[in-house]
Amino acid sequence: MRTPSRSTSATSTTATGATATAPTSMREAFGETMSELLDEDLSTVLVLADISRQYFRQAEAEHPERVINVGIREQLLVNVGAGLALSGLRPVVHTFSTFLVERAFEQIKLGFGHQDVGGVLVSVGGSYDVSSGGRTHQGPGDVALVDTLPDFDIHVPGHPVEARRLLRDAVAGDGRVYLRLTEDSNAQARPTGSMSVERRGARGSVIAVGPTLDSVLTATEGLDVTVLYASTIRPFDAATLTRTLGFADVILVEPYAVGTSAWHVSQALRHVPHRLLSLGVPRAELRSYGSPRDHQRAHDLDAAGLRRSITDFLDADTAAR
Amino acid sequence: MSSPTDSLTADQTHRRTPPLSFEDLPGLMSLQTGDEKHGPAATSTLDVLWVLYDEILDVSAAALDDPARDRFYLSKGHGPMAYYAVLAAKGFFPVDWLAGFGGAHSRLGHHPDRNLVPGVEISSGSLGHGFPLAVGTALGLRAQGVDSRVVCLVGDAELDEGSNAEAMTVAGSFDLSNLTVVVVDNRSSSHGWRGGVGAHFAVEGWIVQRVDGRDHQALAVAMRRTAATVPTLVVAEVEDQS
């Protein structure tokens, strides 16, 4: 992979101190931090397809050649990003998860993967942020799709502060990164990087990915389980899982297609007899509108639903023995 | 225009040292076997490719990583035998690589891979990717103040892919004067292009030139011509695919 020469500033604040106040949403964090990165680093270039343009009016005026809006053209969006990478720049490519990953999947596979160039793909919308918009605006399969490609880091931040940090790190690197931003988030930010240990217990381990953490913590209140938190899901942190594993019952909670990371858990525990419960968004299409909370409830991904699934799973094992 | 009839035999070509001439290309192509399906496509591009590497592009085997080199993107990636022959003739890789074309131990596949072949700027084969990549690279070079050209070769049937329409419109809108697209037109598009391929680009603000795709002098003149503020299209007309 070509490493572009660039002048990365070591500071994480702008002259105006824009990072002093915490952003209220991941998308806002993206708007602020991306604008800072465009100011700081001449090799950074942002490609848009009309979505989120409102966050970059000033950046577009200040850096007209490094903020490129291609209009409603997602195939071009991704391949323009890859073409920019071929020219030696560090592209950040952004739109809704559905259009970025699903509509333009072959462009990601060939433009970035097969060419073997680096870039940062940033999506908003997640699985069902736009639940009232129906299936056309829901992308629960995005992480699973990107996971079919080699050498992609995948970040699923659970808080705007995490999103900001992960974006900065991603742009400073030279690899391929998928950064999945959602409206849903946890009350507090956690450290990014390897999985953090939120709670220790003996009866099993629950892996909470990104914005599922607060619901998982509520759902496992009083249960004797370890709770791990991951805002980076690729590479999968098998080391923390195995190091903290007590009884080999694992519950994986992902805010996108159910089982997306199950194969990594299986791989990590291939020499250990274990049980695995995967929770996430089912394949079946939920033909109802409503709020993201309604969808969480329908998929048993709210705290009450998670608790039911988790206790059923743990109790079933106890009964079997 | 040179005639390929007095070409060297494959065996003679094999022993020659680059740089070679246009007359050597048929011999270099015959070293490659096993891609019968793409035979006509390969020869349709031969003259355009030769003129590009012989007269137009500022790129050489000695300066493969020069950020200021001209870029050539073979968008369609089909029938790469002519491409490989030209690159070998210009010394980008050894002529003896050609004989292994498509084999398990060859770097030369039926669609080219930039990570395997020196001088190949993009990996292509799936239609409709190279032109959008070229738009991105042209934008990137401009943003960096690099004064080099991006030349992209597409087929008239490749333009069926809708991704090219996205690229065509935006390149016109962004005034990408450092971008030249060459359409090798053998009228193989199933539904054709009403008014000719060029008319569609002209509407989007491109300079459009139509030339005989076998006439080296005409090709060179057309591909040398660029405009200050708009992208350039060269329609290189060759025999109908039959």
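How does the radius of gyration of chain A sit beside that of a compact globule with 321 residues? Keep in mind that what you're looking at is a predicted model. For 321 residues, a compact globule would come out near 20 Å, and chain A has 20 Å, so the two agree.

Of its 321 residues, 50% count as buried. And if you take the contacts in chain A with a separation of 6 or more, 72% of them are between residues 24 or more positions apart.

Time to zoom in. Find strand β5 of chain A, residues 152-155. One of its partners is strand β6 of chain A, residues 176-180, and the two pair in the parallel sense over four bridges. Getting from one to the other involves helix α7 of chain A, residues 160-172: β5(A), this helix and β6(A) make a right-handed β-α-β unit.

β5(A) has another partner too, strand β10 of chain A, residues 232-234. Here the strands run antiparallel, joined by two bridges.

Looking towards β6(A), you'll find A:Ile154 opposite A:Tyr178. Looking towards β10(A), A:Ile154 stands opposite A:Arg234.

How values were computed: Residues numbered from 1 in each chain as written. Chains lettered and ligands numbered in written order. Predicted model: local features only at pLDDT ≥ 70, side-chain atom pairs only at ≥ 80, totals over all residues. Pairing = 2+ DSSP bridges. Right-handed = clockwise from strand over helix to strand, strands pointing away. Rg over C-alpha atoms; globule rule 2.2 N^0.38 Å. Buried ≥ 20, exposed ≤ 12 C-beta atoms within 10 Å, placed from the backbone. Contact = placed C-beta atoms within 7 Å.
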